[in-house]
Amino acid sequence: MMAKMAASVLEHGEDAFRKLFKFYKRRNPPPDFGDVIDFSKNVKNDMVFSVELNPSALSEADASRAGLRPVKDWRAFGLKGHSGFVFISNPFLPGSQHHWVRQCLKTYPQKPNVCNLDMHMSPSETEDIWNKSADILRKKNQGKREPKTLLEKLRWVTLGYHYDWNSKTYSADHYTQFPPDLHSLSREVAAACGFHGFAAEAGILNYYRADSSLGIHVDESELDHSRPLLSFSFGQTAVFLLGGTRREDPATPMFMHSGDIMVMSGPSRLLYHAVPCIVPAPAGQPLPACLLDTQQTTGLHTGSLVQAVPTEDWELCSRYLHTSRVNMTVRQVLGDGQAFPTETTSIRSEVSPKDGYHEKHGQEEEDLKAKRKRNDSGYDLDS
Ligand SMILES: O=C(O)CCC(=O)C(=O)O
Ligand SMILES: [Mn+2]
């Protein structure tokens, strides 16, 4: 009786999220994705409902300037029991994701932004990651084992208030200008979801290779949790697990396809979540169809945030994305008029290291046992 109860508590409690994480992380044999919600298709799931966004919250002109379709055409969804969670199925105009991909690969990794490679390399070595990798990557013959380029070793970049992975805090004295284009995109998307005046102050860009994952965690280091957290996905599809406010709560699996946007707000702002795997691309179709769309150079006018990406740049981005996913998470750290606490009263995150950011990338026990090189912040550089 006791044993049975313990087993059932484990099944539905403590270990349920972790088990699901491991289930989707498994490579051999590959997991069955049959239970994963696919918002790009007609969803047949009792938990899913359509969300009507207010089309007048964002003008068509502002949407188009940011490379987005008119809000009336967005397909947005919610999940029962997760108030404040909004999933927007690729609202980008055809061809406008290219700009954000190029920014993530070529522009945002540049100084003064900070990346994982800075943890163990000198600033001159991590200067110009794109140009140092471009020629090698262009010539690289797939399948052959060759040393990884810096671009292939990139795991994260921080923007704005640079997240400190050790103290799990942001601070006033480690800030550089947040990229204006991403600031505007974030403000527009937040406005469309009813959050006016959203100020993007910190960004974490995550770079996933075919075998990368992101452990179970909560994003709670921002000081004002009443502001939403936005997440943008590009490239290969991934599985996202959305749990509850307690680590033992069950999790819901869903696909994140290229162009999808997630908004975690209100009661959903502090939910546990994870990315257990990148889904192998279907044979013969290494890039999702939306990234094959030709760029909308004709629609680009002065004032547009989205710039046309030169063909030679896109060739490299596209090659990289055949086996990768890029994610941008954007956060407002401080509430309106709020300031960082002074040193002595500084609020530290209460999360245990296992739950925290510091160990979130590919930090399952197997990985810890594996003799792999790690950088100072726990990111696996060899995967
Ligand atoms: O890659 C993702 O979709 C999730 C990223 C994330 O949770 C984070 O950076 O906090
Ligand atoms: Mn997160």
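Guide: Asp128 is partly exposed, with a relative accessible area of 32%, on a scale where buried means under 20%, exposed over 50% and partly exposed in between, computed with a 1.4 Å probe on protein chains only. Asp128 sits in the loop between β4 and α5, where helices (H or I, at least four residues) and strands (E, at least two) are DSSP runs numbered from the N terminus. Although Asp128 is not a glycine, its phi is positive, at about 60°.

The model is a predicted one, in which local features need pLDDT of at least 70 and side-chain atom pairs count only at pLDDT 80 or more, while totals for chains, interfaces and linings use all residues. Residues are numbered from 1 along each chain as its sequence is written, chains are lettered from A and ligands numbered from 1 in the order in which they are written, and side-chain values use heavy atoms, with hydrogens and water left out.

A positive phi of about 60° is also found at Lys168, likewise not a glycine; this residue belongs to the loop between β5 and α7 and, at 11% relative accessibility, counts as buried.

Helix α5 (residues 129-139) packs against helix α8 (residues 311-321) at an angle of about 75°, the axes being 11 Å apart; axes here are lines fitted to C-alpha atoms, for helices over the stretch in contact, and angles run from 0 to 180 degrees between N-to-C directions. That makes α5 roughly perpendicular to α8, given that angles under 35 degrees count as roughly parallel, over 145 as roughly antiparallel, 65 to 115 as roughly perpendicular and the rest as oblique. On the α5 side the contact is made by Trp130, Ala134, Leu137 and Arg138, and on the α8 side by Glu312, Asp313, Leu316, Cys317 and Arg319, where contact means heavy atoms within 4.5 Å. These residues divide into five nonpolar, no polar and four charged, with Ala, Val, Leu, Ile, Met, Phe, Trp, Tyr, Cys and Pro counted as nonpolar, Asp, Glu, Lys and Arg as charged, and the others, Gly among them, as polar.

Helix α8 also packs against α4, at an angle of about 80° with the axes 10 Å apart, which makes α4 roughly perpendicular to α8. Here His98, Val101, Arg102, Leu105 and Lys106 of α4 meet Asp313, Trp314, Cys317, Tyr320 and Leu321 of α8, a set that divides into six nonpolar, one polar and three charged residues.

Helix α4 has a further partner in α7: the axes of α4 (residues 97-107) and α7 (residues 180-192) come within 11 Å and cross at roughly 135°, and the two are therefore oblique to each other. Their crossing is left-handed, a word used if the near helix is turned anticlockwise from the far one by less than a right angle, and right-handed if clockwise. His99, Trp100 and Gln103 of α4 make this contact with Asp181, Leu182 and Leu185 of α7, giving three nonpolar, two polar and one charged residues. Helix α4 is mostly covered, nine of its 11 residues being buried, including His98, Trp100 and Cys104.

Asp219 is in the loop between β7 (214-217) and β8 (229-235) and His273 in strand β12 (residues 273-278), so the pair ties together parts 54 residues apart in sequence. Asp219 is buried at 2% relative accessibility, and His273 is buried at 6%.

For the whole protein chain, there are nine helices and 13 strands, and 55% of the 383 residues count as buried.
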